[in-house]
Amino acid sequence: MTFERIPWDQYFMAQSVLLSLRSTCTRLEVGATIVRDKRIIAGGYNGSVSGDVHCIDDGCYIVDGHCVRTIHAEMNAVLQCAKFGIPTESAEIYVTHFPCLQCTKMILQAGIKKIHYLKDYRNDEYALALIKQVGATVDQVTLSKKYFAELQLGEEELASVDEASQTDQ
């Protein structure tokens, strides 16, 4: 019997999906994972500045149709690298949703050379042009159900997780 391992792009995208579950944004849950040499160097999700109130608690703070309280997942991941002195030159980023224009510019300025995304989300034409112009690449990742069906997080496994979390309290 041959065992087929999950491809790298799906593995790293799954990490981003998992990170998105920590999002405190009520409008869109986004996760981002920065990878260099097939190693995760940072991760982020969209949410408020550390120490500030969260949208899930106090609602969004909307100005001109945008929540100004939220820091995007991509920004949080790059800021984590900056905070801990981790270089992003020639890295790749895996994001659950296509990055906005501002995040695309930040990603490119940080030296990240490849953008992987799971879902289309207001894909900006100028962002796509910038990616091409600076010699970076972008690709959409598709997650195959066959790799995630084997996680076996059925009723029995979830019940044991629930029991363990209750004993931790």
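Analyst: Helices (H or I, at least four residues) and strands (E, at least two) are DSSP runs, numbered from the N terminus. This is a predicted model, where local features need pLDDT of at least 70 and side-chain atom pairs count only at pLDDT 80 or more, while totals for chains, interfaces and linings use all residues. Residues are numbered from 1 along each chain as its sequence is written, and side-chain values use heavy atoms, leaving out hydrogens and water.

User: What percentage of the 169 residues is buried?

Analyst: Buried means under 20% relative accessible area, exposed over 50%, and partly exposed in between (1.4 Å probe, protein chains only). With that cut-off, the buried share of the 169 residues is 33%.

User: Let's look at the hairpin. Which residue in the turn between β1 and β2 has a positive phi?

Analyst: Strands β1 (residues 31–36) and β2 (residues 39–45) run antiparallel and are joined by six bridges; two strands pair if DSSP finds at least two. One of the bridged residues is V35, whose partner in β2 is I40. Two residues sit between the strands of this hairpin, and the one with a positive phi, about 55 degrees, is D37.

User: Which residue's side chain makes a polar contact with the side chain of T33?

Analyst: T33 belongs to strand β1 and is buried, with a relative accessible area of 1%. A polar contact is a pair of N or O atoms within 3.5 Å; within protein, one must be able to donate a hydrogen and the other to accept it, and residues adjacent in sequence count only if both atoms are side-chain atoms. At 2.9 Å, the side-chain partner of T33 is S16.

User: The side chain of N46 reaches which residue's backbone oxygen?

Analyst: N46 lies in the loop between β2 and α2 (55–58), and counts as buried because its relative accessible area is 5%. A polar atom of its side chain is 3.0 Å from the backbone nitrogen of V30. The backbone oxygen that the N46 side chain reaches, at 2.6 Å, belongs to L28.

User: How many disulfides does the count come to?

Analyst: A disulfide is a pair of cysteine sulfur atoms within 2.5 Å. For C25, buried at 9% relative accessibility, the closest cysteine sulfur is in C60 at 5.2 Å, so it is too far for a bond. C60 is partly exposed at 26%, and its closest cysteine sulfur, in C55, is 4.0 Å away, again too far. The count of disulfides is therefore zero.

User: Now the largest pocket: what is its volume?

Analyst: A pocket, on a 1 Å grid over the protein atoms alone, is an open set of points where a 1.4 Å probe fits, with protein on both sides within 12 Å along at least five of seven lines; lining residues have an atom within 4 Å of a point. Its 25 lining residues include H66, H72, C100, Y121 and R122, which lie nearest the centre. Grid points are joined across faces, edges and corners, and a volume is the space filled by probe spheres set on the points. For the largest pocket that comes to about 730 Å³.

User: Which element gives the most to the lining of the largest pocket?

Analyst: At least two lining residues come from each of β4 (66–67), α3 (73–84) and α4 (101–109). With four residues, the element that gives the most is α4.

User: How far apart are the C-alpha atoms of P99 and E74?

Analyst: P99 is in the loop between β5 (92–97) and α4, buried at 1% relative accessible area. E74 is 25 residues away along the chain, and the C-alpha separation is 7.6 Å.
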